[in-house]
Amino acid sequence: MSKTVLKIENLGITFGGLKAVQHLNLEVKEKQLYGLVGPNGAGKTTVFNMLTGVYKPTEGQFFLDGENLTGKSQELINHKGIARTFQNIRLFNNMSVINNVLVGLHNQPEFKCGFFTSVFRFPRHFKAEKAMRERAKEILRIVGLEEERNNLSCNLPYGKQRKLEIARALATNPKLLLLDEPAAGMNPQETADLMSIVRHIRDEYNMTILLIEHDMKFVSGLCDEVTVLNFGTVLAQGETKTALNDPEVVKAYIGG
Amino acid sequence: MEILETLINGLSIGGTYAMIALGYTMVYGIAKMLNFAHGDVIMVGGYTIYVVMAQTGYPLIGLAAAILFCMILGVTVEKLAYKPLRGASPLAVLITAIGVSYLLQSTAQMIFGSSPKMVTLLDLGNVKLGSLKIQWNVIITLIASFVIMLILTLFVKYTRTGRAMVAVSEDKGAAQLMGINSNAIITLTFAIGSALAACAGFFMLMKSPSLSNTMGAMPGIKAFTAAVIGGIGSIPGAMLGGILIGIVEAVSYKITVIAPYTDAIEFLILIIILLVKPSGILGKKRREKV
Amino acid sequence: MKKNFKIKHYINYIVVAALGILFTVMALTDSFASPLALIQLEKIVIAVLLAVSLSVVVGFLGELSLGHAGFMCVGAYLGGKVSVLLEPVLGNSFPTLLISMAVGGVVAAAFGVIIGLPALRLRGDYLAIVTLAFGEIVRSIFMNSSRETFGGSLGLATPRFDKKYLFMVGFVMVLICLAVIQNMMKSKHGRAITSIRDSEIAARATGINVTKYKLIVFTVSSFFAGIAGVLYSFSNNNVQSTNFSYNYSIEILVMVVLGGMGSINGSIIAATLITFLDIKLQTILTGNLAVLQDFIYAIVLILIVIYNNAPGLKNFREKYNLQSLINKIAKGMQNPAKRRDDEAKWHRVPTKIEIDEVLSTKIQRDPTTSIKPDKGGND
């Protein structure tokens, strides 16, 4: 049995009386592709926001590789190894594609280069810059954006912007990658393309991936296990096919 | 007795600040922008009063003309300078507002020169209540500003248009879907804010008759302080904040040691409030959706 | 190719240095028309320092600071005071200037850290107002200082630097400022700063230490504003707190915005031009006309911001911008006769054959397109 990368224990958050998420328990194993699904407003993105430190959970805790990261700052959580993409794309719009990825590489120890090293242009600065660029190109190649590295990121089409967000998250060298609706707004061709990219990332980098997605084909084609949320509580959990066919889940989606 | 005098003075200054702060807070609530030029509308009102007074001699006609002119000015500025930038970055809007402020000040200086003009509105002397000696002007300002604020509160609470304003400030998109013409509401807000600024200009001239092209700048910033203290976007908050700032100012002027630092003290309060409780006393905390 | 690229990077240093050397030679050979020219040069250098240092905050971090004159004020008073204290010991000399600059710059930078702290919690309008409030508080403190410390409302009498080379020191400071800021921006640290401007939330999620970088930006920016203040105090006989009101901060902001936010070279050019115009117009525009200049700046400021930012003008902007204008002029200069031909062609209604020609070439270039030439050619 492979080891547990993310362990969530009884996690919950309340916004002024509204219980947005409660009693969430889940475990994601190494190299697993784990899905978080549920109708709109079920609290999926809120879970991501708690896992990345945007919101402080009001109850429960979560562990990355056994280390408790509950309520830590966003920067620290990223340093510890959780990276994410955003549902409503948040790229650095006025920067080029490669610069977006280079920002992701900022904290990698192998490219360490202090403020004064850069300002006084010590040789180390040039070495680090060159190595960073090489790595950034490599990452862009994986998501198929190498050709467009010098374009402004806001000029990319929608689907490519989503891929660039993945590349940027990947650049921070995470242990766990959180993808928030990566296929939203993509056409079937792009979605299929994305599926193979996600698989490739998992295999190549031994990445553990937790993703939110509405496209059920995408989820069932990709994820080994899912958790279904509705109104902040867990409806079903387990192996993808079984969980998605659970009568409660069907009811929540179709109504009745 | 001196304490009571200071307090009444403070309330009167505060009433003036509150009226300016209302303009800031309503525009901020509805158009989501800091109208940096709002203070300069006071100055425009002041000069309008000056011109009309020179022609007619009646202060109230001056006030009416100032209200009208400032309303037109406010709406024009909104249409020409701010409306094209709706949806642009807040930084761009703020810089434009600074530009408008600069424009109004320099225009006034071109027309009226840089030396201050004197306008004597009403000199009614003092009123004596026992050992209490207060200027009539102070009392008029106090009463008038409270009446205006009361009318405004009732307007927002009980009229269709007023409720539409609240709706637009809560959620512009949703209000539009409910059939509210949000552009018209924004225009109206600028008109009301500018009218209040004109009134504030009148009260300021009653207090001190000197008129210059930068007379609105400092009160404008202080009134913004008041709006922030009360909680930006909140109408009662602006009144409360205005009165608090007025009292702080009146008290600070009374104490010789700190009197020269009065402005600095008010700004320090602003910084502290923004750092400790940016949503102000009566404001709501908003969360950015991620 | 690679060599051209490099020259492009260093062109502004070269221009500034060349001008500095040129003026130095002129000063040493007494070829300036009047001694006033030196003071005017000093003014320009000070304005350039202020504009470049403010552009880091406004253009790259994307925050509005209305307290830049406050930092300059700190530098001017502290540097001025140090020079007053040092004059009996070291005289009106270069070491006095250097020590004053160090003290003024460092103290202003310390204030930069202090004002950077609110920047960690506040953004946009609120931060702009806090910086404005800070500038006014600083000014008020100096204004109400005692006669012995900072001169109070009469201002601090400082020794004017009696050597010709004050403006040279200014040029060197501009070069240093350029080097620090450009090197900072063209590195991973600069990318981190611009990422905060574009999306603070995403920057945090990407592990950028937002706190650290905001503080760095405010510190660097206020350091050079402080240096500009010290130069100011050496250029004038007197440091007056009234000169550093927020109107002055706004004037610097105008330079940055007119130069194009995020463009250091633009800030340099705008600062130079505006200061130069200020000096030239001072003698021409007198009385009430003196504000005509402010009036024009205000209108230009508003128009430029609307042109650059209005969402409704996006298409207009893409069609009519400086780049396309330059291209047009360049094209026109290349071959005026050909341009007339081109224009004549457009005024004539194209024939069917021409349209077919255009469409068929398009099809050759892009075989996947489905437009048939005869379909498009029909009138």
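Reader: How many residues of chain C are in contact with chain B?
Author: In this predicted model, 37 residues of chain C are in contact with 37 residues of chain B.

Reader: Which elements of chain C give two or more residues to that side?
Author: They are α4 (94–121), α5 (124–143), α10 (246–258) and α12 (292–309) of chain C.

Reader: And which one gives the most?
Author: That is α5(C), with twelve residues on the side of chain C that touches chain B.

Reader: How do the residues of that side divide into nonpolar, polar and charged?
Author: On the side of chain C that touches chain B, 26 residues are nonpolar, seven are polar and four are charged.

Reader: Turning to helix α9 of chain C, what does it reach from its first C-alpha to its last?
Author: Helix α9 of chain C, residues 210–235, has 26 residues and reaches 38 Å, close to the 38 Å expected at 1.5 Å a residue.

Reader: Is α9(C) mostly covered or mostly uncovered?
Author: Mostly covered: 22 of the 26 residues of α9(C) are buried.

Reader: Now chain A. What does its secondary structure come to?
Author: Chain A has ten helices and ten strands. Its C-alpha atoms fill a box of roughly 65 × 40 × 40 Å along the principal axes.

Reader: What radius of gyration does chain A have, against that of a compact globule?
Author: Chain A has 19 Å; a compact globule of 256 residues would have a radius of gyration near 18 Å, so the two agree.

Reader: What share of chain A counts as buried?
Author: Of its 256 residues, 46% count as buried. As for contacts in chain A with a separation of 6 or more, residues 24 or more positions apart account for 65%.

Conventions: Residues are numbered from 1 along each chain as its sequence is written. Chains are lettered from A and ligands numbered from 1 in the order in which they are written. This is a predicted model: local features need pLDDT of at least 70, side-chain atom pairs count only at pLDDT 80 or more; totals for chains, interfaces and linings use all residues. Helices (H or I, at least four residues) and strands (E, at least two) are DSSP runs, numbered from the N terminus. The expected span of a helix is 1.5 Å times one less than its number of residues. A residue is buried if 20 or more other C-beta atoms lie within 10 Å of its own, exposed if 12 or fewer, and partly exposed in between; C-beta atoms are placed from the backbone. Two residues are in contact if their C-beta atoms, placed from the backbone, lie within 7 Å. Ala, Val, Leu, Ile, Met, Phe, Trp, Tyr, Cys and Pro count as nonpolar, Asp, Glu, Lys and Arg as charged, and the others, Gly among them, as polar. The radius of gyration is taken over C-alpha atoms; the globule rule is 2.2 Å times the number of residues to the power 0.38.
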